Amino acid sequence: MLFNSYIFIFLFLPAVLLGFYLIGGRGHHRVAISWLVGCSLFFYGWWNPAYLGLILASILFNYAFGLMVASESTPRRKAVLTVGVSANLGLLGYYKYSNFFVDNLNLALGSSFHLVTVILPLAMSFFSFQQIAYLVDAYRGETREYNFLHYCLFVTFFPQLIAGPIVHHREMLPQFARDVIYRVNHQNLVIGLAIFTIGLFKKVVLADGVAVFANPVFSAAEAGISLSLFEAWGGALAYNMQIYFDFSGYSDMAIGLGRMFGIRLPLNFHSPYKARNMIEFWHRWHMT
């Protein structure tokens with residue numbers, strides 16, 4: 001389910017907002033959080049329900065390890081932390097690089113090892129890195145929030161789950177504990193809707209609009225068709241604009257959606273083409 005799809009804009013989002021504020025406004029804060037977690041998992045499972053088990057297992061594993069490394073009574077806390085971080089990185093590496101490793105091994109050795117195509121689960125990098133940071137901070141004694149429902153929402157909150165921003169527990173968990181977010185705030189709704197609309201315009205009008213100039217050029221190159229200098233540069237620049245406005249739009253939509261729920265997500269995209277060097281460029285693109 002994409003942020004710019006009709007089913008998200010006209011069905012999913014209104015239903016989630018209405019349910020959250022109806023439940024939370026009556027003082028049932030834990031139920032409201034549970035509703036938001038359930039809706040976020042539904043949103044994630046829309047792409048492939050088979051991977052719901054993976055994100056749930058990841059949440060349970062990291063929450064349990066976070067409790068262990070935060071407890072002074074846990075023997076060999078550093079070893080427990082190492083196991084937790086290694087498990088996250090190992091699983092991420094398997095899904096992300098196993099096919100790449102086998103293909104290159106076959107190329108180097110002339111072998112014919114075959115591995116069933118492994119598809120990277122949606123948003124796995126985002127929720128893995130968020131939880132690694134949580135484990136490290138739990139080991140350092142910097143975590144003060146051990147509410148399981150709040151932790152589940154920290155990992156699964158649908159506005160930032162798919163394309164970021166990668167959020168830190170210090171930015172998110174304290175916000176879930178504030179009573180004010182469970183009451184309708186018209187200012188938050190209006191500001192959030194405005195930011196979401198700006199992002200939607202960038203995605204649908206600008207990014208998708210320029211894609212019609214980029215896609216034919218890359219398709220022709222892939223088919224072995226010779227391109228002129230102007231065609232090649234035109235396609236490259238169009239693609240450059242496409243990914244720029246696509247990511248900028250998604251970043252805006254995420255911030256706007258979060259604000260509708262009274263949650264302030266961090267800025268994740270800040271005019272990277274104004275950068276003076278490559279380091280500054282990557283500090284401005286996918287900032288979190």
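Which residues does F269 touch, not counting residues up to four places away in sequence? I come back to this in point 4.

1. **What we are looking at.** This is a predicted model, in which local features need pLDDT of at least 70, side-chain atom pairs count only at pLDDT 80 or more, and totals for chains, interfaces and linings use all residues. Residues are numbered from 1 along each chain as its sequence is written, and side-chain values use heavy atoms, with hydrogens and water left out.

2. **The overall picture.** The protein has eleven helices and zero strands; helices (H or I, at least four residues) and strands (E, at least two) are DSSP runs, numbered from the N terminus. Its C-alpha trace spans about 65 × 55 × 40 Å along the principal axes. Of the 288 residues, 44% count as buried, where buried means under 20% relative accessible area, exposed over 50% and partly exposed in between (1.4 Å probe, protein chains only). The protein exposes about 15400 Å², and carbon and sulfur atoms supply 67% of that area, by the Shrake-Rupley method with a 1.4 Å probe; for residues, only the protein chains shown count as cover. Among contacts (heavy atoms within 4.5 Å) with a separation of 6 or more, 71% come from residues 24 or more positions apart.

3. **Helices α1 and α9.** Here is a pair to look at on screen. The axes of α1 (residues 6-24) and α9 (residues 186-222) come within 15 Å and cross at roughly 160°. Axes are lines fitted to C-alpha atoms, for helices over the stretch in contact, and angles run from 0 to 180 degrees between N-to-C directions. From α1, the contact is made by F8, I9, L17 and Y21, and from α9 by L189, F196 and L200. These residues divide into seven nonpolar, no polar and no charged, with Ala, Val, Leu, Ile, Met, Phe, Trp, Tyr, Cys and Pro counted as nonpolar, Asp, Glu, Lys and Arg as charged, and the others, Gly among them, as polar.

4. **F269.** Now for the opening question: leaving out residues up to four places away in sequence, F269 touches Y244, F247, S248, S251, R284, W285 and M287. F269 sits in the loop between α10 (229-260) and α11 (278-284) and counts as buried at 10% relative accessibility.

5. **G164.** Another loop residue, G164 lies between α7 (158-161) and α8 (169-176). G164 is buried, at 2% relative accessibility. Not counting residues up to four places away in sequence, G164 touches F126, P159, A254 and N268.

6. **T156.** This residue belongs to helix α6 (residues 148-156) and is buried, with a relative accessible area of 1%. Neighbours within four places in sequence aside, T156 is in contact with V37, S40, L41, I55, I59 and L161.

7. **Two backbone angles to check.** A123 has a phi near 65°, a positive value in a residue other than glycine. A123 is placed in the loop between α4 (77-109) and α5 (124-139), and is buried, with a relative accessible area of 8%. H286, also not a glycine, has a positive phi near 55°. H286 is found in the segment after α11 and is partly exposed, at 27% relative accessible area.
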